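Look at the sequence and the structure below, and keep both at hand while you work through the exercises.

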Amino acid sequence: MAEGGTTLEQTPTWVVAVVCSVIVIISLTVERLLHHLGKILKKKNQKPLFEALQKIKEELMLLGFISLLLTVCQGLISKICMPEHLSRKWLPCDPEKDDKDTKTAVHFQSFFSAFSAHHGAGRRLLADAASEGNCPKGKVPLLSTTALHHLHIFIFVLAVAHVTFCALTILFGGAKIRQWKHWEDSVANEEFDAEEVLKTKFTHVHEHDFIKSRFRGVGKSHRLSGWMHSFFKQFYGSVNKSDYTTMRLGFIMNHCRGNPQFNFHRYMMRALEADFKKVVGISWYLWVFVVVFLLLNVHNWHAYFWISFIPFILLLAVGTKLEHIITQLAHEVAEKHVAIEGDLYVKPSDDHFWFRKPRLVLVLIHIILFQNSFEIAVFLWICVQYKFHSCIMGPYGYIIPRLIIGLFVQFFCSYSTLPLYAIVTQMGSSFKKSIFDEHIQEGLVGWAKQAKKNMGLRKAAAKGSNQVVHKDDSSASIQMTNVQSEQNSAIDQDGNNASEIVPDTAHK
């Protein structure tokens with residue numbers, strides 16, 4: 001592989017040693033910091049966050065493997081040639097403008113090359129020029145060494161941006177959810193009040209704050225207004241105290257009726273921390289999105305501008321749906337009851353979610369965060385690698401809206417959509433394993449594994465005993481048959497002997 005610059009043969013050993021030392025020290029420092037952070041999380045019994053940290057380590061290991069592949073295979077890839085006319089199609093920049101810039105660059109490169117050769121510094125200015133020499137006339141390298149290096153940097157920036165923005169989203173969203181803790185404490189104090197517990201009270205449904213703020217009447221027109229109200233509700237006061245207390249009581253009455261003092265807020269935080277492990281990873285379908293987006297970055301298509309609307313639209317759709325689920329819960333109660341004994345509560349059900357799958361909302365949030373991270377990572381990568389005025393960046397009229405949309409998605413997802421997800425997804429037909437403490441979860445998992453193992457042993461023992469009984473029965477039948485045949489042969493033999501002896505006796 002032809003490359004520019006000197007090799008290790010002409011490089012001072014102290015330079016190699018210093019560079020290697022710096023790289024090793026930085027790598028070990030990051031590894032030790034992650035290890036120390038993991039020990040702190042385990043010490044504080046933060047198992048979900050510890051598992052999320054392990055997921056981040058897995059992503060870093062995958063990133064390192066991709067980097068290794070690109071480094072090892074870059075020589076082989078640069079030697080692959082293709083027809084020159086194919087290299088002029090689907091370019092991210094205007095080819096005519098590039099031709100002018102290239103001619104100017106070649107002129108100055110030739111001048112400086114002659115100047116440096118005259119002074120004895122005959123270094124090659126471009127590695128790409130050398131790599132092009134490997135291809136016959138009329139063909140060019142499939143991907144130059146410089147382009148591979150830039151792609152390498154882009155993948156690194158994308159992975160770091162995704163992990164960073166996911167962590168910031170969970171951090172800010174968790175801070176918003178922690179503000180609801182005083183609602184949990186106030187409800188718990190009311191439940192501990194003995195005088196309030198002994199009183200029998202009736203609740204007028206249509207006068208309840210939850211119903212008055214959510215119920216919009218019956219009919220198609222009211223149904224449409226309910227969707228409109230849900231859309232705008234996510235922008236201001238997405239969850240208030242009446243929403244929280246009503247959904248909290250609905251969860252308790254349906255899933256843990258025997259424990260009215262259940263700490264719903266702590267359960268929500270544990271469930272959110274467990275979901276963080278899934279959000280911070282980069283799934284295979286997200287890598288497919290990256291490849292498709294890189295393919296569509298063609299000159300004058302402005303693909304990155306239009307792609308920036310995908311997380312924006314998905315975010316608004318998810319927020320509207322989550323708000324509308326709360327509205328549907330209010331409608332179910334308001335349409336069936338006028339007054340009820342006790343406090344007002346709702347009935348959780350999977351029927352309110354898309355395809356009856358509450359987990360689908362988490363998948364969509366995962367896609368939203370990754371798409372937004374991709375947009376911001378592309379912007380940062382272009383600024384660092386090609387500078388802000390690069391043709392890949394596009395016109396200013398497309399850059400500014402992309403940045404505004406990206407910042408809005410990051411902020412809005414943290415302070416509105418994620419807290420909505422944390423509470424509304426608990427309104428499904430089933431609860432998450434985070435409802436139990438860590439030691440109870442481990443005990444239940446161990447009990448389930450042991451029960452499954454015992455069931456398998458019982459089935460194997462029952463199957464073995466049936467085979468043994470069948471074998472014994474078969475062997476007994478064979479033995480009975482043999483005995484019967486032996487008896488019959490003995491009788492026949494005795495009969496023959498008797499017929500032979502009798503005449504002799506008579507003769508005597």
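This is a predicted model: local features need pLDDT of at least 70, side-chain atom pairs count only at pLDDT 80 or more; totals for chains, interfaces and linings use all residues.

Residues are numbered from 1 along each chain as its sequence is written, and side-chain values use heavy atoms, with hydrogens and water left out.

**Exercise 1.** Work out how helix 15 and helix 16 are oriented to each other, parallel or antiparallel.

Solution. Begin with the elements: helices are DSSP runs of H or I with at least four residues, strands are runs of E with at least two, and both are numbered from the N terminus. The axes of helix 15 (residues 359–385) and helix 16 (residues 396–424) come within 10 Å and cross at roughly 150°. Such axes are lines fitted to C-alpha atoms, for helices over the stretch in contact, and the angles run from 0 to 180 degrees between N-to-C directions. Angles under 35 degrees count as roughly parallel, over 145 as roughly antiparallel, 65 to 115 as roughly perpendicular and the rest as oblique. Helix 15 and helix 16 are therefore roughly antiparallel. As a last step, consider the residues in contact, which means heavy atoms within 4.5 Å: among them are Ile365 and Phe379 in helix 15, and Leu403 and Tyr421 in helix 16. The contact of helix 15 with helix 16 divides into 14 nonpolar, four polar and three charged residues, where Ala, Val, Leu, Ile, Met, Phe, Trp, Tyr, Cys and Pro count as nonpolar, Asp, Glu, Lys and Arg as charged, and the others, Gly among them, as polar.

**Exercise 2.** Describe how helix 14 packs against helix 15.

Solution. Helix 14 (residues 309–336) and helix 15 pack at an angle of about 150°, with their axes 9 Å apart, and the two are therefore roughly antiparallel. The contact includes Leu314 and Val318 of helix 14, together with Ile368 and Gln371 of helix 15. By class, the contact of helix 14 with helix 15 has ten nonpolar, two polar and no charged residues.

**Exercise 3.** Describe how helix 5 and helix 11 cross.

Solution. The axes of helix 5 (residues 145–178) and helix 11 (residues 264–279) come within 11 Å and cross at roughly 175°, and that makes helix 5 roughly antiparallel to helix 11. Residues in the contact include His162 and Ile170 of helix 5, and Met268 and Phe276 of helix 11. By class, the contact of helix 5 with helix 11 has nine nonpolar, three polar and one charged residues.
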